Amino acid sequence: MKKVIGFLGNPWGQRLTILVIIAVVMAVFQQNFFRPSNFSSILLAISLYGIMACGMLFVVLLGGIDLSVGSMAAMTASILAMSAQSSGYTAAGFITGVLLGLAACVAVGIVHGVLVTYFAIPAFVVTLATKYIVYGLVLLVTGGHFVQIIDKGILYQLGNARLFGAIPMPEVIFILYAVLCAVILGKTVFGRRLYATGGNPVASKLVGVKTNGTVLVSYVICSISAGIGGMILASMNMQAGPTTAGGYEGNVLTAMVVGGLNLAGGEGGVVGAIFGALLVGIINNMLILLGVPSDYTTFVQGVIIIAAVSLNMYTSRRSQGLTRRRTKKPPEKIPVTR
Amino acid sequence: MKKVKRALTLILLVLTVAALLASCTGNTATTTPGTPPSASAGASPSGGGTESGQAGAGKLGGGKDIYNDPVKIAWIPLSTAGQVNQVIDLVWKDAVRIYPNVTITAFDPGYDINKQISMINEAITDKYDAIMLLAMDTAACNDAITQAEKAGIPVLTVDCGATAVHTFHLQGTDYGSGQLAGQVVAKALNNTGSYLVLDAPAEQKAIGRMGAGFIDYMNASTQCKMLEDVSIPNWSQENANTTMRDLLTKYQPGQLQAVYCASDDIAMGALQAIQAAGRDKEGIILYGNVGYLPVLNAIKAGQIYGTNYSDTYAHFYTVFHMALYFIETGTTAVTAGYTATPVVYDTLIPVDKSNVDYIMSVSRYAYVQGQ
Amino acid sequence: MAENNSLLACRGICKQFGGIPVLKSVDLDIGPGEVHALMGENGAGKSTVIKIITGVYAMDEGQIFIDGAPAAIACRQDARERGISVIYQELSLFPALDVTENVFIGQELSRYGLTRKKEMRRRVRALIDKYGFDLDPAAVVGSMGMAQRQMVEILKALSMDARLIIMDEPTASLSASETEKLFETIDSLRKKGTSILYISHRLEEIYRLADRLTVMRDGENVGVLTRDEITPQKVTAMMIGHELKEDKNRERRHRFEGNRLEVKGLWYKDLLRDVSFTAYGGEILGIGGLVGSGRTELIRCVYGAARPSRGEIALNGRPVSRSVGKNIKAGFGLVPEDRRGEGFVPLLSIEKNLAAASYDRLASFGFVSRKKEVAFATEAIRSYDIRPPVRQLPVGNLSGGNQQKVVLGRWLSRKPRVLLLDEPTAGVDVGVKHELYHYMRALALSGSIVVMVSSDLEELTRVSDRILVMYGGRFFEEFEHEKATQSAVLLAASGQHTGEGAAL
Amino acid sequence: MNTKNIRRIISVLLVLILAVIFSFTTRSFLDARNLVELFRESALVGIVALGASFVIIGGGIDLSTGGIVTVSGLVCARLSFIPGIPGALVLLAGVLTGVVCGLLNAVLVTRVHLTEFVATLASGFVYSGLAMLIAFREGGIIQSRAITNASFTFLGGKIGGIYNITAVWVVLMIVMMLVLTKTTFGLHTYAQGSNARSALMSGVNNDFIKGSGFVICGACAGLAAAFVVAKNAAAPVTLGSDVAFEAIAACVVGGLVLGGGRGDAVGAFLGGLFMQLILNGIYKYNLPIAYQWILMGAIIVLVTAFDAQFNKLRFGQKKPRPVERKEAVV
């Protein structure tokens with residue numbers, strides 16, 4: 001038994017067990033699951049909130065959260081669509097649209113960073129407020145209507161073109177973005193600083209890490225990822241408006257949680273975020289392939305999240321932390337005086 | 001540093017209060033709440049020229065003079081963000097241009113049932129003359145609707161009605177559209193084959209009954225077999241795309257002959273999925289609803305079989321005129337003693353390759369897109 | 001004192017942690033209404049005794065008598081019921097609650113769940129008047145100063161009608177006026193019959209307060225002195241025991257005139273008043289003084305982690321910048337006092353913690369070169385013998401000594417020009433302690449400046465070449481290595497000149 | 001003038017400023033019917049905010065209140081169709097559903113040791129999913145059915161000009177103020193929010209306090225749902241769509257701090273009222289709905305920025321730690 005708990009202890013053990021369970025279920029009920037076209041459709045389905053999950057990872061590693069990813073995506077989608085439409089779908093219009101959108105993301109990211117570090121407001125409240133504000137701004141800018149994208153020019157290619165004829169652009173961008181985030185986190189000095197600040201901000205300060213700067217940049221990266229997701233969505237749907245990417249923060253948060261990331265910060269990597277997004281995608285795909293009536297999907301998703309997270313929490317506490325922690329601190333449980 | 005932050009926060013707080021004051025007071029200039037509504041029972045009929053040639057009709061009966069008295073109409077949709085709203089705003093602009101004394105206030109519940117109910121209450125408190133409503137739930141708004149009717153405010157519902165008795169209901173595109181689509185698709189499949197339905201979001205199926213209409217028709221008068229009725233969250237195109245791709249994995253070539261989509265967004269999503277899976281050669285019949293421009297173009301290109309086109313512009317223009325009529329005659333379900341809500345069915349035109357050019361020339365959508 | 005009339009008597013208490021004996025048959029007698037002081041160097045076992053008396057740890061052998069009768073104290077609750085309560089250095093109050101609520105938390109007077117606020121407030125006011133505190137029962141604790149918070153803690157103890165209050169270093173973070181107020185409080189407590197076990201390093205406090213003083217060294221009590229027997233010389237001699245002979249093979253040290261750190265006229269809050277000193281390369285400069293005398297703040301100002309109100313700091317003539325990052329590049333390094341809180345990142349691996357400060361060398365254009373990083377870490381693990389030598393192991397799982405080696409290794413591998421250390425060997429087992437001294441010595445001999453703040457008198461006198469003792473926010477006395485004795489340093493730390501060193 | 005009063009005055013001021021502005025610049029704000037409706041409409045988020053304030057003061061957070069409202073509403077609707085069942089019993093069933101959901105949250109947090117954020121995020125999905133399972137169906141399609149049980153819909157109406165839900169909201173607020181200030185349970189909740197470790201040391205049973213916080217929050221959500229369903233005589237499946245976030249925003253505007261230990265029920269009450277006041281104002285001025293979202297977001301940020309600065313000023317502690325720093329488990 002000891003070895004099994006050990007195996008389940010490390011993250012890869014958990015991920016493998018979950019995947020094996022899924023494979024067994026699908027082998028029994030719906031063999032089509034194993035078709036290559038199914039995997040590419042899952043990858044396409046998760047590529048958008050996969051990109052956002054990679055961005056959100058930077059913030060979660062610092063113990064923060066970003067609820068405004070959905071509204072940010074709607075903002076950049078609308079900006080891109082409107083700038084393309086107004087410029088007659090020229091390449092210049094497309095470029096300005098992209099730059100404008102990203103600039104708006106950077107601005108909101110900076111606002112998040114400043115409010116969380118210098119004004120010490122919890123990230124939950126800041127991003128909840130900006131979610132409302134950004135949605136309001138998008139409503140104002142688009143007048144509440146959807147902007148149609150008629151032309152099949154470069155804007156269309158962004159979301160619908162296929163690299164080497166087979167791989168859709170959103171998947172390509174998702175894979176590139178995931179690699180980029182992995183490199184930033186794993187290979188750059190900024191990545192090292194991010195993990196240090198997430199694990200112990202005071203110690204990082206004493207080692208020369210500008211913690212406030214790191215937090216600010218990670219909120220900007222999270223906003224930019226949401227923005228990129230929004231732009232791809234606009235081009236895939238050939239339209240953009242205030243409710244584009246509605247409710248995406250729910251999927252991204254679920255991906256974070258199911259991916260085994262600990263929301264208090266300091267732990268987890270791009271692989272965890274991607275696995276989380278993949279798992280969410282696979283679950284949705286399974287529910288449809290198994291013919292689960294749509295009314296039950298929310299219920300099943302909730303139960304699966306609880307199961308995945310409890311498994312993750314139970315095993316990691318059992319195999320590493322729990323016993324060690326108990327001896328270090330004085331006995332937690334003392335008799336209640338009342 | 002600390003003093004700077006504290007000062008900054010205080011200034012910001014004062015600024016918001018000032019902005020509040022400015023935005024509210026500044027705003028009052030445009031609307032005219034200040035002047036009490038002239039309960040002009042006996043306003044003299046003014047022969048002001050009206051576009052629709054109702055010269056001299058003046059006042060029919062107990063209500064207001066819709067040509068001169070200030071009239072306030074509330075428009076409460078599911079949410080103002082959406083495809084169809086562009087045309088609706090166009091209708092209100094044209095309507096107000098013709099009847100300058102009428103102001104139409106658009107609310108935005110943002111798909112939240114509690115906000116919609118409080119907006120209906122708001123309209124009652126502010127003594128609007130009529131409420132045009134797209135009910136979010138067939139039963140939840142009943143109480144508010146009956147209160148409005150009792151307060152002498154006619155409630156006109158559009159597309160999504162309510163079970164409570166109210167003044168007028170214009171049955172739009174949903175159940176009827178499903179039935180009509182059933183006819184067209186059944187003919188195309190000559191009554192055999194299996195189909196999929198990409199339906200409204202699970203919680204909104206009650207107010208978007210296209211899927212139900214389609215399935216009822218298919219079961220009643222054809223041998224077509226329904227494979228699945230899948231709801232698409234948020235009516236969004238990308239969700240339709242991913243769901244359709246999964247369904248295509250499930251149903252291999254030959255197992256699927258037709259797909260009925262509850263809205264044109266969903267139809268475009270399904271089309272993208274079919275093209276991406278390289279199965280557009282199989283001749284799967286795709287049928288949409290409402291008739292947005294992108295779908296009309298796809299029909300022209302032969303990628304989508306057809307859709308039900310309803311002239312949204314005329315649709316809402318009718319509701320506006322009915323509202324004026326009720327205001328003018330002062331009739332509500334209570335005063336007229338209705339025991340059931342009078343329902344008028346809107347015209348639906350099935351569009352396919354043959355008449356798509358004609359429809360595009362007539363459709364307000366093209367006009368709107370072309371701006 | 002005869003056994004029977006002492007409030008609390010401990011006989012032959014032994015305790016060992018993981019095989020290492022911490023207490024070797026300790027005896028302690030505290031009479032009713034007596035202020036009994038307990039002194040001893042860090043690691044003499046003082047805090048372990050307290051934890052046993054208050055039921056946090058169980059003792060291996062020995063007996064505790066209360067009012068002459070044997071008493072078994074198994075948990076915090078037993079101690080509390082027998083009237084023993086303790087005030088730790090970092091207080092355990094609730095900033096959001098008011099004084100009354102803080103005092104009565106956990107033992108509220110209540111009828112059917114409803115708190116009897118008026119009754120509790122009346123009791124608190126009665127206690128306040130009885131002992132002459134100036135506290136308002138309804139004031140919110142969060143907005144109070146340190147002294148007032150301590151009074152609330154005392155009130156809390158008194159509210160459990162404590163007959164013995166144990167105070168652990170209470171004046172460490174108090175200003176002079178606040179300390180005076182605390183002494184008045186202790187006097188009024190004594191008059192009312194409450195006995196106090198007072199743990200402190202400050203000799204002048206002991207003279208003023210203590211009726212009796214027990215001195216401990218290396219887990220044994222060395223003797224009990226009554227008030228009139230207490231003299232600085234006797235106390236320090238008991239605390240230090242035999243002076244270690246000079247270790248002969250001590251390399252001749254010579255000063256690198258070229259590498260010097262000058263600090264002139266440093267002022268910082270009310271802790272540092274016009275502090276000036278010069279540290280030279282090639283020597284280990286020890287900084288003595290008591291807890292809370294401003295030593296930590298001094299080296300943090302030098303390092304750039306704290307911002308002094310006035311004063312200049314120069315390294316070889318060039319002014320030192322106020323940003324930690326620039327200083328690190330310029331060759332500074334700091335081993336902080338609170339290892340767990342400020343020393344390392346527990347979740348990150350040994351490798352990443354070691355390399356944390358050296359990415360200016362291990363990375364180019366923002367990209368970390370894995371090869372260099374791995375080499376850097378392996379080299380550090382090998383040369384500082386960090387065990388277990390597994391690069392990927394999170395530092396949180398290592399033992400105290402190895403954690404300190406990681407923190408020290410992080411700086412030593414950079415060959416720093418100035419290394420500042422704050423209590424480098426606190427809580428580290430003896431074996432690792434000597435290793436750390438060796439590394440510090442080697443760094444100094446290579447020409448770097450090493451400044452070590454320490455409360456461990458033996459470490460201070462044997463390791464440092466020159467010792468500056470702080471007292472009252474200023475440098476009080478300077479000792480050369482040859483003439484420095486532990487007792488002289490301890491006396492200097494309490495503001496007593498003994499003539500060995502040069503008065504500053 | 002201790003800090004609690006100052007923070008409360010700010011909340012009252014916020015509400016008063018808006019009320020004064022609206023009464024002068026619109027014709028219908030001070031109209032009796034509008035005020036009565038305003039208090040009824042803010043009662044849903046208000047009552048849920050009261051429940052959520054217990055969890056927040058104890059240092060936690062509850063994202064599942066939306067799901068609880070929806071599932072409790074549907075339980076009431078289902079039960080109301082049992083012939084002859086008294087309305088009060090249906091109401092009680094709604095509250096019990098909320099309590100059961102709160103219990104599950106408590107078990108997830110205290111026994112399964114999930115963090116509050118993750119546990120309630122997931123349980124929120126479970127409850128709204130559950131609601132869809134027990135919703136009324138006609139021909140397989142979710143269709144909310146009008147409730148005909150008179151004794152139940154009576155509860156949704158008015159007694160003496162004031163809606164029952166508003167009266168219950170005010171009474172609940174008073175009861176909660178008493179519980180928070182006058183009982184040991186309330187004191188322990190504050191203690192746990194203010195300094196969890198030393199609360200444990202002084203004998204506060206943290207798991208019990210945290211658990212009962214979730215149960216109270218669930219009960220309040222169930223109660224609010226029952227009243228709203230009684231008023232509308234229908235239980236749509238989208239009843240609680242974004243109640244969870246609005247309730248937390250209401251608490252924050254009312255002076256509660258997400259770290260715990262500060263703020264009280266009056267703050268949550270005023271916060272709930274303030275949120276609806278903004279909506280009410282927006283409707284009056286024919287302001288495009290965009291301003292509603294922008295105004296709400298701006299005010300949340302401003303009030304919390306002021307709070308954070310203000311608390312640092314009063315308590316002088318280091319930056320309040322939003323997320324309790326995790327002991328190194330690995």
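According to UniProt, in an unreviewed entry, chain D carries the feature "transmembrane region" at residues 6-30, 42-61, 81-105, 117-136, 162-187, 208-230, 236-258 and 289-310; such positions are given in the numbering used here, with feature names shortened, and the annotations may be inferred rather than shown by experiment. The structure itself is a predicted model, in which local features need pLDDT of at least 70 and side-chain atom pairs count only at pLDDT 80 or more, while totals for chains, interfaces and linings use all residues. Residues are numbered from 1 along each chain as its sequence is written, chains are lettered from A in the order in which they are written, and side-chain values use heavy atoms, with hydrogens and water left out.

Residues 208-230 of chain D are 100% helix and 0% strand, with end C-alpha atoms 33 Å apart, and residues 117-136 of chain D are 85% helix and 0% strand, with end C-alpha atoms 31 Å apart. Helices (H or I, at least four residues) and strands (E, at least two) are DSSP runs, numbered from the N terminus. In helix 2 of chain D, which covers residues 32-57, we find D:E41. This residue, D:E41, is buried because its relative accessibility is 12%, where buried means under 20% relative accessible area, exposed over 50%, and partly exposed in between, with a 1.4 Å probe and protein chains only. What is D:E41 in contact with, once its neighbours within four places in sequence are left aside? The partners are B:S118 and B:N121 in chain B, together with D:Q276 and D:N280 in chain D, a contact being heavy atoms within 4.5 Å.

Chains B and C, by contrast, do not touch, and their nearest C-alpha atoms are 13 Å apart.

Chain B has 12 helices and 12 strands, and 58% of its 371 residues count as buried. Among the contacts in chain B with a separation of 6 or more, 76% are between residues 24 or more positions apart. The accessible surface of chain B, found by the Shrake-Rupley method with a 1.4 Å probe, is about 13,900 Å², and 60% of this area belongs to carbon and sulfur atoms.

Chain C has 18 helices and 25 strands, and 57% of its 504 residues count as buried. The radius of gyration of chain C is 25 Å, which agrees with a compact globule, because a globule with 504 residues would have a value near 23 Å; this radius is taken over C-alpha atoms, and the globule rule is 2.2 Å times the number of residues to the power 0.38. Along the principal axes, the C-alpha atoms of chain C fill a box of roughly 70 × 50 × 50 Å. UniProt, in an unreviewed entry, places the feature "domain: ABC transporter" at residues 8-243 and 256-497 of chain C, and over residues 256-497 the chain is 36% helix and 28% strand. At 64% relative accessibility, C:A176 counts as exposed, and this residue lies in helix 6 (residues 176-191) of chain C.

A pair of aromatic rings is described by the distance of the centres and the angle of the planes. Rings of Phe, Tyr and Trp (its six-membered ring) pair if their centres lie within 6.5 Å, and planes under 30 degrees apart count as stacked, over 60 as edge-to-face and the rest as tilted. By this rule there are 31 aromatic pairs over all chains. One of these is the stacked pair of A:F58 and A:F190, at 6.5 Å centre to centre with 20° between the planes. This pair links distant parts of chain A, since A:F58 is in helix 3 (residues 36-60) and A:F190 is in helix 9 (residues 189-199), 132 residues apart. A:F58 has 0% relative accessibility and therefore counts as buried.

In chain B, the rings of B:Y313 and B:Y317 are stacked, because their centres are 5.9 Å apart and their planes are at 10°. Both residues lie in helix 10 (residues 312-329) of chain B, 4 residues apart, about one turn of the helix. B:Y313 is buried at 11% relative accessible area, and B:Y317 is buried at 17%. Together with B:Y67, B:Y99 and B:F320, these two tyrosines form one aromatic cluster.
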